[in-house]
Amino acid sequence: MKLILVMLFGLGTAVAAEDIYRWVDDNGNQVYSDQPGENAEKVELQQPMTYSPVQIPEETASANVEQQENADEPEAAPNYKVAIVAPENDAGIRVNNGNVTVNLQVFPALNPERGDLIQLYLDGLPAGMPMPQLSFMLENLDRGTHTLSANVLNASGEVLAQSETITFYLQRTS
């Protein structure tokens with residue numbers, strides 16, 4: 001039944017000039033055809049929606065020169081704010097495999113086209129390579145107290161923003 005309806009709508013736009021008929025067969029199914037059947041009623045199709053693109057004015061020569069000049073200058077770094085949203089500060093985490101998911105929030109959104117990356121620090125040491133993501137998985141951590149912080153770095157490795165350091169307590173069976 002759904003296949004017939006899909007075919008009908010696809011056919012309706014391609015063959016809008018022909019008539020479409022609908023009726024119910026002996027099994028109670030609706031049937032659509034371009035040939036009228038017994039007790040068939042003509043289906044009125046709506047006009048298809050169309051789109052006419054807006055004319056875009058041509059750029060002036062001075063605008064092109066200005067864009068080329070701006071393309072040579074590096075884009076200014078945004079004023080990032082970065083925060084660790086999970087785990088929460090002073091949280092006790094009970095996980096026996098030692099895997100902890102760290103989620104960050106960056107405002108404005110991280111700009112990977114500029115080469116901006118996030119470096120996560122666990123207990124003051126880099127936890128992996130800088131990445132353009134807001135979620136990290138720390139695997140097989142030892143039980144006990146741990147600290148986390150994160151930096152937003154540009155393509156040159158300069159720190160653009162730094163989060164507050166949070167502390168969490170990992171509880172796992174020995």
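Me: What is the order of the strands in the open sheet of three strands?

Reply: The order is β2-β1-β3, with antiparallel pairing. Strands are DSSP runs of E, at least two residues, numbered from the N terminus, and two strands pair if DSSP finds at least two bridges between them. This is a predicted model: local features need pLDDT of at least 70, side-chain atom pairs count only at pLDDT 80 or more, and totals for chains, interfaces and linings use all residues. Residues are numbered from 1 along each chain as its sequence is written, and side-chain values use heavy atoms, leaving out hydrogens and water.

Me: Which strands stand at the edges?

Reply: β2 (30-33) and β3 (41-43) do; each has a single partner strand, so one side of each is left without a neighbour in the sheet. β1 (residues 20-24) pairs with β3 over three antiparallel bridges, and R22 stands opposite E41 in β3.

Me: Where do the side chains of β9 point?

Reply: In a regular strand the side chains alternate between the two faces of the sheet. Along β9 (residues 135-138), F136 and L138 point to one face and are buried (under 20% relative accessible area, 1.4 Å probe, protein chains only).

Me: Is H146 buried or exposed?

Reply: H146, in strand β10 (residues 144-153), counts as buried because its relative accessibility is 7%. Taking contact as heavy atoms within 4.5 Å, and not counting residues up to four places away in sequence, H146 touches L122, D123, L141, I166, T167, F168 and L170.

Methods: Buried < 20%, exposed > 50% of the residue type's maximum accessible area, 1.4 Å probe, protein only. Helix = DSSP H or I, 4+ residues; strand = E, 2+ residues; numbered from the N terminus.
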